[in-house]
Amino acid sequence: MPNSRSPPPFDSDLESSLYFLRKLSVDNRVSPTLPFTISRSTRRLHEQSSIPATTPLFSPSISAGLILCEGIGDSSGNRQSMPSNRYMKGYAENYHLEIVMGNFGSGVPSMSIWGNQDNLFDLASILEGGRRPDLNRGIGIANLSTSIGPGTYGKNALLAQPDYDIVLLGKTEGGSLFLQKMLSGKDSTITYKIFEAVYKYPFDLMTDGYGCHLFAKLIQSCSMNQLGRITLKITSQSELFYKASVYKDGARSMQKLIKVLVGSPCISLVISAAYRRFKDMMFSKEASSVIIKCLGTLDEQQNEVLYLAAMNHFRELATHVRGCVSLNNFINEMRGPRRGGLLDLISSHAEFLSKDPSGNYVVQHVLGLGDLKYSEKICSLLKGKFEELSLLRCGSHLVEKCLKSPGMAHYVVDDLLKISDRQFLHLARHKYGNFVIQQALRVTKNGNISHHKYLLEKLLNDDALKVGFGRHVFNLIATGISDD
């Protein structure tokens, strides 16, 4: 004998879904006095199904969920029968919807994209993988396939959603992919709907790991007018522009925007926003990449204000632990006469920057460019300071860089040969200075043999070189001096 509690057979999964929703509403676990409303979309489902007119009205959240099932049928809009051996599933071409029934614990039956308010079972979890029906867990829509196509059913569901719900959807892996596919369909209605949602909350998506991909797709899909609107929205809020840029995904979104805006007058809005927060952005690894993207993508004229900003703030940037790296990257991307102007400024302040833990790396970078004009200026300004610099951790690296710069070694060696033997030996036994002496021996071996001999004479007259850090110099001499 069949189980009396088994549900009756149904002609379609849609009827099955409505039956179980009706059953839930009259179950003794649910208060019969709860308020219910019904949308026109849900009423149409009632009219199309064979469920009796006594089927209860559903909450707004239930109606929102049912919209996803609306209009299931063939391309002509006619309803199709669905396999009855599937439990409460609605299928359409390129569209997979699984409805999970149960109770979230609040006692209120709810089926919606975002679920009931007590549990926030949202489409984020839906699109990231659902569960099989479990009567003891809750009502929600689960397992909306990430392979969903831009069909009629997806469109109807999307257009019914509030703007911020679309933003939340875009911040999930499956939701982001779904919305990108919807944009690929090039439906102006869909593009407008997604654009208006993103326009209200652009920074939410731009700084999200999944949302940034949706943002990138949207700015490629929207019209020039829409692109101008969202660019103005993003760049007009300097603080948010900056804060978004310091996040990896936010910086990536900004870079995508710059790429899309090439050739558009709206690019000036991005340049202006970057200029207003130039120093702060250059202090950040991620935000500075947005400025570097401008330099590498746009022409000299468009980047002029950024060049001027770098020249105005070069000392602050050069002496900042992160700003010095950003400034070096900035120099690499500069083009035109402004580049020479910035290099000249740095070279002119070589003495000050060489003693700074961060600034010395900027001076080293300029030396590494191999431009004799600036190398000569730096070394001439540091003449008489090389012994002092050699005793500093950061300074010793800079002195070595001067020694290895073409044609600049004589500035350092002349300085070292002028100091007393006691000072010279102290330098050779120093934990940082010994590296400078080793480098001086290497570069003079083939470059200036007379200087090389003078250096050896100063070193080999004292056995104290064999102990402490001096042993590194002694071993170099004893094993033969290579040219590495």
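Trainee: In this predicted model, which side chain of opposite charge is nearest to glutamate 400?

Mentor: Glutamate 400 sits in helix H25, which spans residues 393-404, and beyond its neighbours within four places in sequence it is in contact with Phe435, Val436 and Gln439. Glutamate 400 is buried and yet has no salt bridge, since such a bridge needs a side-chain nitrogen of Lys or Arg within 4 Å of a carboxyl oxygen. The nearest side chain of opposite charge lies 5.2 Å away, and it belongs to lysine 404.

Trainee: How many residues apart in sequence are the parts that lysine 193 and aspartate 163 tie together?

Mentor: These two side chains form a salt bridge whose closest N and O atoms are 3.7 Å apart. Lysine 193 is buried, with a relative accessible area of 16%, and aspartate 163 is buried as well, at 15%. Lysine 193 belongs to helix H8 and aspartate 163 to helix H6, so the pair ties together parts whose separation in sequence is 30 residues.

Trainee: Are lysine 279 and glutamate 316 buried or partly exposed?

Mentor: Their side chains meet in a salt bridge at 3.1 Å, N to O, and the pair links helix H15 with helix H18, 37 residues apart. Lysine 279 has a relative accessible area of 27% and glutamate 316 has one of 35%, whereas buried would require under 20%. Both residues therefore count as partly exposed.

Trainee: How are helices H14 and H17 oriented to each other?

Mentor: The axes of H14 and H17 come within 9 Å and cross at roughly 10°. Ile271, Ala274 and Tyr275 of H14 meet Val305, Leu306 and Ala309 of H17, a contact with six nonpolar residues and no polar or charged ones. Angles under 35 degrees fall in one class, and the two helices are therefore roughly parallel.

Conventions:
Residues numbered from 1 in each chain as written. Predicted model: local features only at pLDDT ≥ 70, side-chain atom pairs only at ≥ 80, totals over all residues. Heavy atoms only, no water. Axes fitted to C-alpha atoms, helices over the stretch in contact; angles between N-to-C directions. Helix = DSSP H or I, 4+ residues; strand = E, 2+ residues; numbered from the N terminus. Parallel < 35°, antiparallel > 145°, perpendicular 65-115°, else oblique. Contact = heavy atoms within 4.5 Å. Nonpolar A, V, L, I, M, F, W, Y, C, P; charged D, E, K, R; others polar. Buried < 20%, exposed > 50% of the residue type's maximum accessible area, 1.4 Å probe, protein only. Lys, Arg positive; Asp, Glu negative; His and termini not counted.
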